[in-house]
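Keep the picture in view as you read.

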Amino acid sequence: MKLKGKKVLITGGNSGIGLATAKLFIEEGAEVAITGRDQKTLDEAVQLLGPKAKAYRADVTDSAARKVLFAAITKDFGHLDIVFANAGVAGQTKAGSTDEATFEDIIRINLTGAFLTVESALPILKDGSSIIFNGSVIGTLGQSGYAAYAASKAGLRGLSRSLAADLAPRGIRVNVVSPGPIKTPIWGRTGRSPEETGELAKLIAATIPLGRLGEPEELAKAVLFLASDDSSYVNAIESFVDGGATGTPFGGPAFRQ
Ligand SMILES: NC(=O)c1ccc[n+]([C@@H]2O[C@H](COP(=O)([O-])OP(=O)(O)OC[C@H]3O[C@@H](n4cnc5c(N)ncnc54)[C@H](OP(=O)(O)O)[C@@H]3O)[C@@H](O)[C@H]2O)c1
């Protein structure tokens, strides 16, 4: 077991990548605090994860809720060894038709919320802990309609490197995992119909060197590596888990003669 006795916080642990990671971490011996906004999926997640999981309803943008959350985690867990700042949204902000509130909401959830989560965790994070942010290939690869999302994810890369320097004296490692397209409920939250989502997924898969979308469990394994002692000398990196999309963007089936 790679995480025996470790205490973990996963924001957005009631869905997709966060939930798959919570499941794997518990199998590896951890106790996990998961957060999210939707009480129904939080309850369902705890049901699935069992007694090693505790769920807390907290919006990462709500500072009062964050205070209550960390008071509860301190009481229930005592300390933390690992934080996976994973909660995020993928709203669209097309140039020419985006209002200020829409742009700022995405930044506030994906970037400010992730930073403030870590900031709130620091007093109870043990020396030698591991922090992982969930970035995205879109923080590197341009995609039409995603300026705020791209900025938020590129921002995580930048802030993680500063934090790694801030926290190095305590032996706390800070890394980013950056997924390519992964099959999670985030695709259904875009306002597209299931048919449109299916078509888009097919198009995107054709551009991925491995020719398919990723599974949340494949992301969870990469997060486990960054969270565990297996990565004890890995610090301030961005690890792409994207089927090769970033490294060889013309390697997918769509580009083969
Ligand atoms: N799936 C992909 O293709 C992909 C690719 C690159 C990066 N990512 C990143 O992976 C992370 C997880 O996404 P996912 O694909 O697993 O999608 P998902 O299934 O939609 O999960 C998103 C999670 O974030 C939580 N969340 C969103 N806004 C929140 C807020 N304001 N406060 C607290 N929790 C909030 C959601 O909780 P509630 O439902 O309770 O609100 C949910 O648990 C995100 O940061 C996303 O940007 C995903």
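Helices (H or I, at least four residues) and strands (E, at least two) are DSSP runs, numbered from the N terminus.

This is a predicted model, in which local features need pLDDT of at least 70, side-chain atom pairs count only at pLDDT 80 or more, and totals for chains, interfaces and linings use all residues. Residues are numbered from 1 along each chain as its sequence is written.

## Partners of β2

Strands pair when DSSP finds at least two bridges between them. Strand β1 (residues 7–11) pairs with β2 in the parallel sense over 5 bridges, and V8 stands opposite V32 in β2. Strand β3 (residues 53–57) also runs parallel to β2, joined by 5 bridges. There, V32 faces A53 in β3.

From β2 the chain passes through helix α2 (residues 39–49) to β3, in a right-handed β-α-β crossover. Right-handed means that, with the strands pointing away from the viewer, the path from the first strand over the helix to the second runs clockwise. Another right-handed β-α-β unit consists of β1, helix α1 (residues 16–27) and β2.

## A look at A22

Leaving aside residues up to four places away in sequence, A22 touches I10, G13, V32, I34, L49 and A53; contact means C-beta atoms, placed from the backbone, within 7 Å.

Definitions and conventions:
Two residues are in contact if their C-beta atoms, placed from the backbone, lie within 7 Å.
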